[in-house]
Amino acid sequence: MNVLGIDFGGTKVALRVEGEGGRAEEDRLRIGQGEPADAVLHRTFEASRRLVDRIGGVASVGVSTPGIVFDDRVDLAPNVAGWSELDLGARLRVEFGSVKVSIENDVKAAALAECREGALRGSSVGLYVNLGTGIAIAPVVDGQPLRGAHGAAGEVGYGIVGAVGLWDASTPTLEEYAGGSGLERRIAAAGDIAAHDVAELVADARSSATAAAMWRDAVDEIARHLITAALTVDPSRIAIGGGMTRAGSALLDPLSTRLASALPYAPEIVLSQFDADASLRGAVLLARGRS
């Protein structure tokens, strides 16, 4: 059957239609800075109509989105202005009519792709980790991402940095401290290093004590939260995706070392097989009914 997958992100929308015989078409849209949610949806629907027309219609649609998905809204999705005020499900049902629409959180959609077809395939208990602008994880048990009571399982980006006893309202969350955007804000505030983004910070860490300390502290905080997650679900494998994986061994080596030294049964740590397309692949699988 023909299906359509849509992956809404903080800065882009990716679309893919797949048909019989391996036929596929894709499109990608950039989300402008400050572009309102209604405008993003309008452009997405226009692009999806073009793709669907090319393939001759679709039987179902799968959608991945940042945030926590409810029937009438998406909570905790701050990157696109007004996204949490949208009744996303209703808007999608109006657009696609009688066609079945399935919606899932982007990290859980990525975990679905990795456990069904990617780096977590064959692991009865695994962990998908997204390290990018946002930070979140998705435990996978028997081929199924764990959703939790509110769909918020794995939202470790909201965990706090440092000891709980020192917490106050100014204490940063893990995402604010070690996520891509948070790191870039801290780089700018430091003022005495040349880096402007995460990739440059990693490069500068070879020659700048400030950059090296900033990167080490970020990786240490990420590792601390992953150790707790690994102790909770005991995964055999952890697949890491997201933009921060461009740091390569500067990220994976210290994470592997820290987890191996702290866990009684250290999991294998690997890169996501689908990389930046993991959530889109998960959306296509949702459309195919493989949730």
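Two strands pair if DSSP finds at least two bridges between them. The views show a predicted model: local features need pLDDT of at least 70, side-chain atom pairs count only at 80 or more, and totals for chains, interfaces and linings use all residues. Residues are numbered from 1 along each chain as its sequence is written; side-chain values use heavy atoms, without hydrogens and water.

**View 1. Five strands make an open sheet with mixed pairing.** Helices (H or I, at least four residues) and strands (E, at least two) are DSSP runs, numbered from the N terminus. The strand order is E10-E9-E8-E11-E12. Which strands stand at the edges? They are strand E10 (144–145) and strand E12 (268–271). Each has a single partner strand, so one side of E10 and one side of E12 lack a neighbour in the sheet.

**View 2. Strands E8 and E11 pair in the parallel sense.** E8 covers residues 125–131. E11 covers residues 237–241. Five bridges link this pair.

**View 3. Helix H7 lies across strands E8 and E9.** E9 covers 135–141. H7 runs at about 160° to E8. (Axes are lines fitted to C-alpha atoms, for helices over the stretch in contact; angles run from 0 to 180 degrees between N-to-C directions.)

**View 4. Strands E1 and E2 form a hairpin.** Three residues lie between the two strands. E1 takes in residues 3–8, while E2 spans residues 12–18. They run antiparallel and are joined by six bridges. Which residue of E2 is the bridge partner of Leu4? Look for Val17.

**View 5. Strands E2 and E3 form another hairpin.** Here five residues separate the strands. Gly21, in this hairpin, takes a positive phi near 70°. E3 is made up of residues 24–30. It runs antiparallel to E2, and seven bridges hold the place between them. In this pair, Leu15 has Asp27 of E3 as its bridge partner.

**View 6. Helices H5 and H7 pack at an angle of about 150°.** H5 spans residues 180–190 and H7 spans residues 209–233. Their axes are 11 Å apart. From H5, the contact (heavy atoms within 4.5 Å) draws on Leu183, Arg186, Ile187 and Ala190. H7 supplies Met214, Trp215 and Ala218.

**View 7. Helix H8 packs against H7 at an angle of about 45°.** H8 covers residues 249–262. The axes of H7 and H8 are 10 Å apart. On H7, look for Trp215, Arg216, Val219, Asp220, Ile222, Ala223, Leu226 and Ile227. On H8, they meet Ala250, Leu251, Pro254, Leu255, Arg258, Leu259 and Ala262.

**View 8. Glu95 sits in helix H2.** This helix covers residues 88–96. Which residues does Glu95 contact, leaving aside its neighbours within four places in sequence? They are Phe45, Ser48 and Arg49. Gly67 is 28 residues from Glu95 along the chain. The C-alpha atoms of Glu95 and Gly67 are separated by 21 Å.

Methods. Buried means under 20% relative accessible area, exposed over 50%, partly exposed in between (1.4 Å probe, protein chains only).
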